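Student: Hi! Could you walk me through the charged side-chain contacts in this one?
Tutor: Happy to, let's look at it together.

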Amino acid sequence: MNASDPTPPAPDEREKLTWEMNGRACRDLAQQIADDGFVPDIILGIARGGLIPAGAIAYALDCKLMISLNVAFYTGIGETLAEPVMLPSLLESSGLHDQKVLVVDDVADSGKTLALVDDFCEHQGRVAEVRNAVIYQKPHTITTPDYCWRTTAKWIDFPWSVEPPVTGAAEKP
């Protein structure tokens, strides 16, 4: 679906991730990372969708140092900004210097968000190594993640974002 077609996909055209499946996906991703011999010093969760998998993967890998970076890209179902935008952050790139960083997000759809964060880590933070992990990747992504649980072309219903907000929704224009 593209930004010019705002019609949401029918429920049978969606990939549905349950909380239980999310737990399995994160554990499987952590196992892939461990089997590959990559031991991150820092896990960087991309807010908002990557925070839940990042926390689960951090526990599974026994990585105590977690940070987050806010990136805005989606504005609705199938609707995005022209390019992802990094939102103001307290993250100082100097804290990444010479560290092995695992960037975690929920999905590599266009791949632009992962590309933006990878570039930030490599050029601004001068990390020792950066790798990324996602629950899902889309076949058309421009950034192939190092670790991925599944590939799908469908719109994904994540358990943490499928319901509308409980407050403030009626107040927004």
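**Salt bridges and burial**

Tutor: Let's begin with Arg150, which is partly exposed at 37% relative accessibility. Keep in mind that this is a predicted model.

Student: Which side chain does Arg150 meet in a salt bridge?
Tutor: That would be Glu15, with an N to O distance of 3.7 Å. The pair ties together distant parts of the chain: Glu15 sits in strand E1 and Arg150 in strand E7 (residues 147-151), 135 residues apart.

Student: And Glu15, buried or exposed?
Tutor: Glu15 is buried, because its relative accessible area of 16% falls under the 20% cut-off.

Student: What does Arg14 pair with?
Tutor: Arg14 forms a salt bridge with Asp157, at 2.9 Å from N to O. This pair also links distant parts of the chain, with Arg14 in strand E1 (residues 14-16) and Asp157 in strand E8 (residues 155-157), 143 residues apart.

Student: Are those two buried or exposed?
Tutor: Asp157 is buried at 12% relative accessibility, and Arg14 is buried at 17%.

Student: Which residues are joined into one network?
Tutor: Asp36, Glu129 and Arg131 are, through salt bridges that share partners.

Student: Last one: how many salt bridges is that for the whole model?
Tutor: The count comes to eight.

Note on methods
Residues numbered from 1 in each chain as written. Predicted model: local features only at pLDDT ≥ 70, side-chain atom pairs only at ≥ 80, totals over all residues. Heavy atoms only, no water. Salt bridge = Lys/Arg side-chain N within 4 Å of Asp/Glu carboxyl O. Helix = DSSP H or I, 4+ residues; strand = E, 2+ residues; numbered from the N terminus. Buried < 20%, exposed > 50% of the residue type's maximum accessible area, 1.4 Å probe, protein only.
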